[in-house]
Amino acid sequence: MGVIELEGLRKDFRRLRGGRTIAVAGLDLDVPEGGVFGFLGPNGAGKTTTIRCLLGLVRPGGGRVHLLGAEVPGALATTIAKVGSIVEQPLLFPRLSGRRNLEILARIHGVGALAIDAVVERVGLAERQGDMVKTYSLGMKQRLGIAAALLKDPSLLILDEPANGLDPAGIVQVRELIRSLGAEGRTVFVSSHILAEVQQVADQVAIIARGRLITSGSVREVLASAGSNAGMMAKVPEPTAAVLLLSERGIRAQVQGDAIRVEVAPQDGARITEILAERGVFLSELRPVAVDLETVFLELTKDEGLAP
Amino acid sequence: MGLVRSEFLRARSRRIVPLAIVGSAIGILIGVTIGAIVSPPEPGQGRMERAERQYERHLQDCLDGRSYRLEESGYDSYEHLCADFVRLENFAPEGMKIGDLASILDGTASLVILLGGLLGATLGGADWSAGTMTTLLTWEPRRHRIFTARALVIASVTLAMAVSVQFWLGVVFAGGVAIKGTFAGTADGFAVDLLLTAARVGAVAMLFSLVGLSFATIGRSTVSGVSFFLGYLILVELFLANLVFVLARFTLGRAAGVAVTGKVQLLTNQNPPRNPRPDQVDFLLVPGRAWVSILAWVAALLAIAAISFRQRDVT
């Protein structure tokens with residue numbers, strides 16, 4: 001059983017001027033226990049609405065939601081103590097100190113001062129915990145939000161766009177934190193619209209667009225599924241001539257810089273060398289085109305008009 | 001219990017609470033000091049004795065039915081009627097007298113009650129305005145629990161504030177009387193009267209804080225809460241209730257006035273029609289009915305706020 005299970009989740013919102021906006025359109029998702037799970041999609045794909053449904057903040061219009069085995073929203077209270085979360089951005093009282101904000105939350109579940117000490121230390125806020133939150137940088141607020149989410153010592157962390165608005169150093173810090181949390185055996189469910197960012201920390205991913213699941217699986221599987229269509233890059237002395245030679249044999253190719261991109265699967269790479277060698281053109285390099293999750297996303301959505 | 005403790009810490013951490021208490025304390029100190037400066041010197045023993053004789057004569061007239069008509073008063077006996085309307089402090093000479101303290105508490109009640117309402121709206125709306133309601137709900141998803149704990153804490157904090165402010169007013173006023181006034185001339189049961197007045201003011205302020213909380217919860221912000229609260233007072237209490245007389249029977253402000261003083265109030269229709277319906281004639285608002293009105297308002301608003309909080313998405 002997955003720690004997060006969604007079956008046909010639907011949610012739509014009434015528009016001010018009539019009509020309805022479909023935010024989530026029958027989403028199915030199964031998040032396994034442990035590790036980092038990337039929940040990816042462009043802005044407006046329905047990621048935050050899905051997370052709000054998961055946490056009982058909004059009422060689903062249809063479908064079923066289970067969090068750590070408990071049905072949401074009915075039985076959410078039985079599992080919420082094991083779930084730490086940030087939705088969109090960590091929202092805390094700006095005129096209170098970071099520590100006071102944590103104390104207010106900690107009292108709800110009877111979490112003690114030692115746990116607060118531990119989490120502020122872990123996120124690197126020990127020295128600034130007594131300062132008002134309004135004096136914090138965006139990165140510090142984000143880390144305070146993560147500290148708040150960690151206070152319950154959760155087995156499941158739901159982090160919505162945790163790197164949003166952070167500078168490069170902040171992104172690296174958050175990335176390292178997420179990686180270490182996942183390595184501890186917790187399940188870290190990270191949503192992001194920056195697909196390349198999550199690719200670096202996630203073990204599993206799901207990509208959604210317009211409220212629907214596009215693909216899911218381990219990062220390797222997802223990349224491989226699109227990698228087969230991404231083609232090969234070949235370095236040749238005369239790229240234009242090589243493109244012509246390949247097209248004569250029905251293989252599509254195009255010049256990219258001092259190389260050519262050939263639309264064949266990596267397992268068919270031998271055909272390129274064979275065709276070109278027959279005409280006396282010899283390759284100096286042949287490699288599969290490197291794909292990332294962005295490429296996968298664009299590839300998978302180009303025919304459906306789902307890409308942003 | 002953890003939620004209540006968290007709510008107490010949240011309320012204690014808000015600047016509005018110490019600001020309200022310190023502001024009130026300084027205001028009282030300044031007000032009493034000015035009062036002491038401008039009041040005439042301590043009245044002599046002879047004047048106090050004369051006042052007491054005058055009071056006893058008027059009280060007897062009242063008890064004999066020569067001052068008021070019991071059947072029009074809304075009271076059940078002359079003893080109760082006269083105890084409320086013929087008071088020793090009304091005959092005492094000018095100056096600072098400890099016997100005036102209950103009247104002063106009555107007079108300042110509207111400020112304490114208004115403060116209670118604003119405190120409720122501010123504490124009730126803080127999470128919505130700061131956006132922290134989302135964070136809170138990820139710790140406690142049972143919204144009825146949050147609302148109940150919050151109502152409990154806001155009511156307690158407001159009651160404590162109202163009692164503290166009145167206690168401070170009593171202490172400062174007594175200090176002023178000690179310097180320039182008299183402790184003589186208090187009616188029988190003065191202390192009980194004083195305590196009952198303070199308790200009534202505290203209770204009404206507490207109930208008004210729940211009205212503020214309800215408005216803030218329905219409007220989902222401090223600004224909405226305060227605006228609804230003040231808007232109601234201005235639009236309904238001051239405008240509509242004077243325009244449509246029947247509304248005056250059910251308004252919160254008039255009911256609060258009667259509940260605080262514990263005295264019957266005659267609501268007069270300023271513009272009666274030639275052939276008035278029963279709801280258009282002058283009306284006696286008795287304390288019991290005033291309390292029922294306030295409680296009904298508070299219960300209705302809390303119910304609407306709780307349903308709204310429970311049903312609406314938090315986005």
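1. The expected span is 1.5 Å times one less than the number of residues.

2. The model is predicted: local features need pLDDT of at least 70 and side-chain atom pairs pLDDT 80 or more, whereas totals for chains, interfaces and linings use all residues. Residues are numbered from 1 along each chain as its sequence is written, chains are lettered from A and ligands numbered from 1 in the order in which they are written, and side-chain values use heavy atoms, with hydrogens and water left out.

3. Helix α1 of chain B is largely enclosed by the rest of the structure, because nine of its twelve residues are buried. Its first and last C-alpha atoms are 16 Å apart, close to the 16 Å expected. The buried residues, including B:L3, B:L9 and B:R10, pack against α3 of chain A as well as α2, α6, α7 and α8 of chain B.

4. B:R10 also forms a salt bridge (a side-chain nitrogen of Lys or Arg within 4 Å of a carboxyl oxygen of Asp or Glu) with B:D127, the closest N and O atoms being 2.8 Å apart. This pair links distant parts of the chain, with B:D127 in α6 and B:R10 in α1 (residues 2–13), 117 residues apart. Both residues are buried.

5. The two chains meet at an interface in which 30 residues of chain B are in contact (heavy atoms within 4.5 Å) with 31 residues of chain A. Together they bury about 2700 Å², 62% of it on carbon and sulfur atoms; buried area is the accessible area, for a 1.4 Å probe, that two parts lose on being put together, summed over both. B:L9, B:T138 and B:W139 supply 28% of the area that chain B buries against chain A, more than any other three residues. One salt bridge is found across this interface. B:D313 forms a salt bridge with A:K11, with the closest N and O atoms 2.7 Å apart.

6. Over all chains the count is 25 salt bridges. In chain A, A:E103 pairs with A:R100 at 3.0 Å between the closest N and O atoms. These two residues are three apart in helix α3 (residues 98–108), which means that about one helical turn separates them. A:R99, A:R100, A:E103 and A:D117 are linked in a network of salt bridges.

7. A:R249 and A:E278 form another salt bridge, the closest N and O atoms being 3.0 Å apart. A:R249 lies in the loop between α9 (239–248) and β12 (253–256) and A:E278 in helix α10 (residues 269–278), so the pair ties together parts 29 residues apart in sequence. A:R249 is partly exposed, with a relative accessible area of 39%.

Terms used. Helix = DSSP H or I, 4+ residues; strand = E, 2+ residues; numbered from the N terminus. Buried < 20%, exposed > 50% of the residue type's maximum accessible area, 1.4 Å probe, protein only.
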